[in-house]
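Biologist: Thanks for sitting down with me over this one. Could you take me through the terms as we go?

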Amino acid sequence: MRDDITICRSRRILYGVFLAAFILSATGFFLPVLADESLSPIRAEYSAGEITILSDEARESANESLNAIAAIPTDERTFENTVVAFDSVMTDYGDAVSPLTIMGYLSPDPEIAAEGMDADIAQSKFYIEVYTRSDLYDALKSVEDKVPETPVEQRLYKIIIDEFEHNGLGLPEENLTRVKEMNAELSAIKTEFNSNLNNDNSSITFTGEELEGLPDEDLSSFSRTPEGDYIAIVTQDYSTVMTYADNGDTRRRMYEAYNDVQGEANTPLLEEAIVLRENIAKEMGFSTWADYTIRNRMAENATVVMEFLDSLKEPLSEKIEEETAILLEIKQEIDPSATEIRPWDIRYLEHILVMRDYNYDVAEFKKYFPAENVIDGVFNTTGMLFGVDFNEVSDAPVWSPDVRLFEVSNRSDNRTLGYLYLDLYHRDGKYTGYATSQLISGREKNGTYSLPVAIIIGSYDAPEGDNRTLFRPSDIWTMFHETGHAMNVILTTSPYGILSGYKSSMDFCETPSQALEEWAYDRDVLESISAKDGNSSDKIPEELAGQAIAARSVGMGYEYGYQLLFSLADMYYHTADGPVNTTEVWHDASEEILGLDEPEGLHPAATFSHIMDQYDAGYYSYLWSKVYAQDIVDEFKENGMTNETLGLKLRNDVYSQGNMADGMTLLDNFLGHEPGIDSLYDFIGLNVSNVPNETAAA
Ligand SMILES: [Zn+2]
């Protein structure tokens with residue numbers, strides 16, 4: 001079950017590490033007096049202590065209702081008063097608590113944010129408590145033969161029971177006790193690991209000369225020492241330094257610091273977690289943690305995942321070899337004595353390649369894509385595809401003045417389908433990634449349909465004064481991606497909260513978001529969105545749009561090579577027999593896939609927060625979902641990217657379905673055939689002539 005997942009996370013950032021940095025100690029600012037709270041789908045303001053009280057009340061109320069379900073006499077037990085009631089209690093709890101926990105990531109008031117984070121931890125604890133209750137498990141098991149034969153009800157029941165059994169219910173008492181103890185230990189280790197990363201603010205000091213090549217606008221955002229040197233925050237400034245610094249030694253220092261963040265503290269924690277997980281899996285009767293966690297996903301078991309990942313190795317390595325040869329040529333133009341590419345050269349040389357071969361100037365591109373125009377454009381494109389309108393609610397109470405609220409309505413009958421918040425810009429103290437969260441789950445409640453509420457969270461640079469925020473192609477791409485998640489939440493028609501919105505299997509939940517990404521690289525869509533300096537009649541020249549689209553192919557091999565490395569390292573860790581040296585395994589996998597000479601002594605796995613936060617034996621999901629996403633995109637490429645009939649079919653067959661059927665059924669309904677991996681190969685530009693065409697669809 002995915003109730004405990006409040007945020008569908010973005011994948012690890014290219015060439016590096018995604019750090020979920022919650023800088024809660026930073027200063028907040030006072031909110032202006034806001035309009036009537038009752039106009040708002042979620043509360044925007046809380047007084048000190050209120051979140052804690054509301055979170056406690058929600059838990060107490062849920063526990064009371066769960067106790068009542070457990071206490072129903074056996075002969076009075078029905079599917080309705082047990083299974084449907086369980087769904088209802090759990091969804092009521094989620095709807096009450098998600099708007100509180102999200103404040104932990106977003107509130108500009110540090111005190112409120114701290115309460116939100118505590119509510120988040122309390123929520124995780126509550127889910128573990130519920131799904132390890134044997135009285136509830138027994139109650140639910142006792143209605144097994146009363147579950148209606150209808151597919152949705154069968155699925156609801158299966159998913160609930162699976163979650164209890166995932167937590168050890170059904171095991172003999174002695175094993176269950178050991179599993180509970182190990183889970184508690186694991187949970188403490190994960191908290192410590194992530195808190196180490198969130199609190200990391202290591203920095204490197206560079207002279208102005210050492211940072212030559214960085215654009216002035218980036219350089220001006222660095223803090224300075226009294227002597228005038230620049231302070232680069234390792235986790236924040238990594239991408240800028242790696243892309244622009246002309247000095248190879250500067251890039252090397254940054255790379256080494258970045259790939260060793262919390263190395264000493266987090267490596268033993270990760271390795272302990274891996275051993276605990278293996279032991280839990282064994283208690284549950286599985287040989288590896290990967291088999292245990294994957295069994296209820298689309299892939300079904302670790303072998304299928306490994307076959308899929310292995311099938312990508314050879315074609316990706318070939319692609320990377322080709323890219324490396326081109327990058328080495330460029331490096332040798334700069335330094336004729338160069339004989340090899342080092343890991344810190346890649347981004348820098350790719351940037352030069354884009355400028356040289358595609359004559360593509362991203363600064364020129366950005367002028368045509370002010371953030372506000374892009375948001376309108378993404379909503380227009382998505383709205384046209386799915387037959388919906390996004391109407392801004394102008395007087396909605398919000399927690400920060402830059403937050404916006406939209407009502408999403410059905411174009412055909414004007415019916416309100418749900419609400420969408422946008423909190424897109426960087427603020428001190430705010431979550432620093434890109435993510436979408438399902439705050440309220442759409443479902444049937446008291447005879448009506450309870451409307452879903454989603455939020456898209458971003459870290460785009462905030463507009464300053466008259467300076468608009470301008471989007472690069474990758475920023476537009478991210479906006480489409482997150483809008484895909486949000487549509488999955490808002491278009492849901494599930495009667496049950498547990499099956500609602502993006503709560504599908506982990507290896508399917510990125511499909512709706514990844515599919516929409518491709519509209520960001522469609523020439524017509526780019527043209528329609530563009531508005532030079534905000535003037536929507538001044539469109540991007542065809543040549544510039546073409547250059548941006550063409551330049552995208554630069555570095556595809558490395559990009560997907562890194563995705564494969566992260567996925568394989570995760571799988572190697574969680575299929576190992578006995579303790580794992582995470583650094584050595586990572587190093588070997590990196591050499592095998594990327595062919596790079598990595599420096600010794602770094603601990604890149606120490607920052608791999610995904611596998612200490614719900615994506616353990618799950619990182620493969622990004623590549624796996626991408627296979628399906630590309631199959632969906634290919635349908636549109638054949639029939640028109642703005643084909644409204646196909647758009648509505650996609651809405652009905654996939655986006656509205658939530659977890660009411662498994663992903664393969666949804667894809668089969670939409671595509672009319674089983675998905676295949678060819679579309680992904682084409683997308684990355686892989687030579688597939690000698691690769692067997694199977695795996696992903698297995
Ligand atoms: Zn996503």
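Modeller: Gladly! A salt bridge here is a side-chain nitrogen of Lys or Arg within 4 Å of a carboxyl oxygen of Asp or Glu. This is a predicted model, where local features need pLDDT of at least 70, side-chain atom pairs count only at pLDDT 80 or more, and totals for chains, interfaces and linings use all residues. Residues are numbered from 1 along each chain as its sequence is written, and side-chain values use heavy atoms, without hydrogens and water.

Biologist: What makes the meeting of Arg251 and Asp345 a salt bridge?

Modeller: Their side chains come to 2.9 Å, N to O; the limit is 4 Å, so the pair qualifies. Between domain 1 and domain 2 the count is 1 salt bridge.

Biologist: Which residues make up domain 1 and domain 2?

Modeller: Domain 1 is 201–260, and domain 2 is 302–364 + 555–697; such bounds come from an automatic or database domain assignment.

Biologist: How many residues does each side bring to the contact?

Modeller: Domain 1 and domain 2 each bring 14 residues, where contact means heavy atoms within 4.5 Å.

Biologist: Why is an area called buried?

Modeller: Because it is the accessible area (1.4 Å probe) that two parts lose on being put together, summed over both. For domain 1 and domain 2 that is about 1,300 Å², with 55% from carbon and sulfur atoms.
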